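Please look over the sequence and the model shown below before reading on.

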Amino acid sequence: MKAKNILFVFLLLTAVSARSQRIKGSDTVLPIAQQTAERFMNQHPKARVTVTGGGTGVGISALLDNTTDIAMASRPIKFSEKMKIKAAKQEVVEVVVAYDALAVVVNLSNPVKQLTRQQLEAIFRGKTTNWKQVGGEDRKIVVYSRETSSGTYEFFKESALKNKNYMPNSLSMPATGAIIQSVSQTKGAIGYVGLAYVSPHIKTLAISYDGIHYATPTVANATNKSYPIVRPLYYYYNAKNKAAVTPLLDFILSVEGQNIIKKSGYIPVK
C-alpha cells in the first residue's frame, strides 16, 4: 500500500512539473511573454509559467543548460550557438512570435527630428561626436547602447551599423529601461529601444535608410514596412520538449495571443 502511495505522489509531482514552464531571455520580448503567460495561466489554472529577462544570450545559454524551457530572443540564434547545440546533440526549434520596430531615441530637448542610416552609423561608431554635425545644436553626443549579450545590441549593429563595431566608449546599459531613463536625463543622449518601451519621457526620431523616405517608429509604419528598423522576435525550445511547450506556443500564436501582442505595441505575425 505504501509503495502505491509513493508511486501516486511521484506521478502527481511529475504531472505538476510537466505543466510548469520556464521562459528566459530577451528583455525586448519580456513584456509580451509576461502578458501572454499570465492570460494563459488564467485560462489554465493548473499551469505554471515563470518569465525572466537577462538578454537573448542569457536565454539561449539557459536553454542549452536546461535551466529554461523556452528562450526568448530578439535576434536569430548565432552560428557559434548552433555549434554548441550540435555538440550537445540537441535539436532546437525556432518560432517567430512577433515583430518589433527598434526606435532611435533622444532627449526631449533635442531639436533634431530625423537621421539617415549613414548618420546613425557615424554617431554610434564615434565618427560624428556633436549634434551640430547633423543639424542640431552645439552639444556633445552621448551614446547609450545595450550590453553585448543583448539581441537588440546585435540587431542594431547588423542593421544600422552594417556589422561595424560600436564606438569603444559608448555607455553600455544592462536593460532597456536604463536606456530610457538615461536618455530622458541627458540632453545630448541618443540610444535605441524596442517600440513597446517608448515613453513620453523621450523623443523618437524619423529614420531613413535611402536618404529620401523618412518614417517614425509606429506599429503602422512597421507593419507597412515604411519604417526600416524592424526585426522578428523568437521563442526557441528543445525539440524533445515539444509536447510540453506546445500549448503555450499555440496560445501566443492564436488570435487572442496575437491581439495581446498588438495591444502591447508589437507587430503580430498574423
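## Terms and basis

An axis is a line fitted to C-alpha atoms, for helices over the stretch in contact, and angles run from 0 to 180 degrees between N-to-C directions. Helices (H or I, at least four residues) and strands (E, at least two) are DSSP runs, numbered from the N terminus.

The model is predicted: local features need pLDDT of at least 70, side-chain atom pairs count only at pLDDT 80 or more, and totals for chains, interfaces and linings use all residues. Residues are numbered from 1 along each chain as its sequence is written, and side-chain values use heavy atoms, with hydrogens and water left out.

## The chain as a whole

The protein chain has ten helices and eleven strands. Its C-alpha trace spans about 85 × 40 × 30 Å along the principal axes. Of the 270 residues, 48% are buried, where buried means under 20% relative accessible area, exposed over 50%, and partly exposed in between (1.4 Å probe, protein chains only).

Contact means heavy atoms within 4.5 Å. Among contacts between residues at least 6 apart in sequence, 73% join residues at least 24 apart.

## Helix 2 and its partners

Two packed helices are described by the angle between their axes and the distance between the axes. The axes of helix 2 (residues 30-43) and helix 9 (residues 242-252) come within 10 Å and cross at roughly 115 degrees. Helix 2 is therefore roughly perpendicular to helix 9; angles of 65 to 115 degrees count as roughly perpendicular, under 35 as roughly parallel, over 145 as roughly antiparallel and the rest as oblique. Thr 36, Arg 39, Phe 40 and Gln 43 in helix 2 meet Pro 247, Leu 248, Phe 251 and Ile 252 in helix 9. By class, this contact has five nonpolar, two polar and one charged residues (Ala, Val, Leu, Ile, Met, Phe, Trp, Tyr, Cys and Pro count as nonpolar, Asp, Glu, Lys and Arg as charged, and the others, Gly among them, as polar).

Helix 2 also meets helix 10 (residues 255-263), with axes that come within 9 Å and cross at roughly 145 degrees. The crossing of helix 2 with helix 10 is right-handed. On the helix 2 side the residues are Ile 32, Gln 35, Thr 36, Arg 39 and Gln 43, and on the helix 10 side Glu 256, Gly 257, Ile 260 and Ile 261. This contact has three nonpolar, four polar and two charged residues.

## Aromatic rings

The whole structure holds eight aromatic pairs. Rings of Phe, Tyr and Trp (its six-membered ring) pair if their centres lie within 6.5 Å; planes under 30 degrees apart count as stacked, over 60 as edge-to-face and the rest as tilted. The pair of Phe 124 and Tyr 192 is tilted, because the ring centres are 5.8 Å apart and the planes are at 55 degrees. Phe 124 lies in helix 5 (residues 117-124) and Tyr 192 in strand 8 (residues 189-194), 68 residues apart. Both residues are buried. Ring pairs join Phe 124, Tyr 153, Phe 156, Tyr 166 and Tyr 192 into a cluster.

## Two residues with positive phi

Most residues other than glycine have a negative phi. Lys 89 has a positive phi, near 55 degrees, and lies in the loop between helix 4 (79-87) and strand 4 (92-106). Lys 225 has a positive phi of about 70 degrees and lies in the loop between helix 8 (219-223) and strand 11 (230-238).

Note on methods
A crossing is left-handed if the near helix is turned anticlockwise from the far one by less than a right angle, and right-handed if clockwise.
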